[in-house]
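Keep the viewer open as you read.

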Amino acid sequence: MSPIDPKDVEVTRARMETDDVRLSLGGLLRGKLALITGVANDRSIAWGIAEAFQREGAELAFTYPGESMERRVRPIAEGIGAKAIVDCDVSKDEDIARTVAEIGKVWDRVDVLVHSIGFAPRSALDGRFADVTTRDAWRITMDVSAYSLIALARAFRPMMPAGSSIVTLTYYGAEKVVRNYNVMGVAKAALESSMRYLAEDLGQEGIRVNAISAGPIKTLAAAGIKGMRTMLGENAAKTPLRRNVDQEDCARAALYLCSDLARNVTGEVLHVDAGQNILGVVSME
Ligand code: NAD
């Protein structure tokens, strides 16, 4: 018998379609104040997280980088009842400082900080790693995708009480080579390591820091990665659960990591990838 029976794939898909429901746990984050970065549109992973947090009773605030993003983000953020919507390009220290000041006008603390930001110049995501990884591409990708976690954590730490939580989004390309992910994989490795150092440091104040390593999901950022469509198609048949993951899967993991359910969990990379990371060579025979 072949290791992947097409019938099994169909059965699993059917099951997954029927469980396409928004989980409601009756107020897991009631009263929590959550600052969400990285919403570009309603397909963003951060948007899935925001919707789940709202369902569970959290108050929300959002950031976006620059005017063109504001046009996309403001309408949906207002629609969900955001308490603040702040312009914050994380590559600018003055933007981060202004964001802390703006959030400080509406909230006296921040219980949850979601870092869902990544960027690499497109030219660095297509071609041979040794050729396309320029000094500029390295600097920009590292700054926006990895350093920003440290900068935001430092800036918001004074507002974060014991028991609060920071979560970031990473990808398997940090651990193993994923073709065309290139410098973004290197930045995700730096992000995961930074997350652990922050977890140790901020742990002294009772602040937890974790990462969700999401399987591939069709979003604006993912559209910049060559071969994404093929990867999504192949993944649905190859992962142990024979499916792709979606924004709701990440949102459920974020609910766990940012609630008291995970009160003693910090410095962790939680894979939400239908099991993809456990696989070695997969034969489709
Ligand atoms: P997305 O395009 O919806 O989100 C990326 C966000 O990064 C956007 O909101 C964008 O405004 C923000 N951003 C980029 N540069 C910024 C800057 N200078 N300042 C502030 N914000 C900036 O795509 P997404 O897939 O939801 O990505 C969110 C996170 O999830 C990223 O870190 C991404 O690497 C990670 N991730 C995505 C996938 C996937 O397959 N989509 C898988 C694993 C991890």
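This is a predicted model: local features need pLDDT of at least 70, side-chain atom pairs count only at pLDDT 80 or more; totals for chains, interfaces and linings use all residues.

Which residues of the shell come nearest to the ligand? Of the 28 residues around the ligand, these are Ser44, Ile45, Lys188, Ile217 and Thr219.

A nitrogen atom of the ligand lies 3.0 Å from a polar backbone atom of Val90. Ile117 places a backbone N or O atom 3.1 Å from an oxygen atom of the ligand, and for Ala221 the distance between a polar backbone atom and a ligand oxygen atom is 2.9 Å. With a cut-off of 3.5 Å for a pair of N or O atoms, each of these pairs counts as a polar contact.

How much of the ligand does the protein bury? On its own the ligand exposes 820 Å², and 91% of that is buried by the protein. The site itself is the largest pocket, and the ligand sits in it. Two elements give two or more residues to the shell there: strand 5 (165-170) and helix 8 (220-223).

Finally, zoom out to the fold. The protein has 10 helices and seven strands. Its radius of gyration is 19 Å, close to the 19 Å from the globule rule for 285 residues, so the protein is as compact as a globular protein of that length. Along the principal axes, its C-alpha trace spans about 60 × 50 × 40 Å.

Terms used
Residues are numbered from 1 along each chain as its sequence is written. Side-chain values use heavy atoms; hydrogens and water are left out. A residue is near a molecule or strand if one of its heavy atoms lies within 4 Å of it. A polar contact is a pair of N or O atoms within 3.5 Å; within protein, one must be able to donate a hydrogen and the other to accept it, and residues adjacent in sequence count only if both atoms are side-chain atoms. Accessible areas come from the Shrake-Rupley method with a 1.4 Å probe; for residues, only the protein chains shown count as cover. On a 1 Å grid over the protein atoms alone, a cavity is a set of points where a 1.4 Å probe fits but cannot get out, and a pocket is an open set with protein on both sides within 12 Å along at least five of seven lines; lining residues have an atom within 4 Å of a point. A molecule sits in a cavity or pocket if more than half of its atoms lie within 2 Å of its grid points. Helices (H or I, at least four residues) and strands (E, at least two) are DSSP runs, numbered from the N terminus. The radius of gyration is taken over C-alpha atoms; the globule rule is 2.2 Å times the number of residues to the power 0.38.
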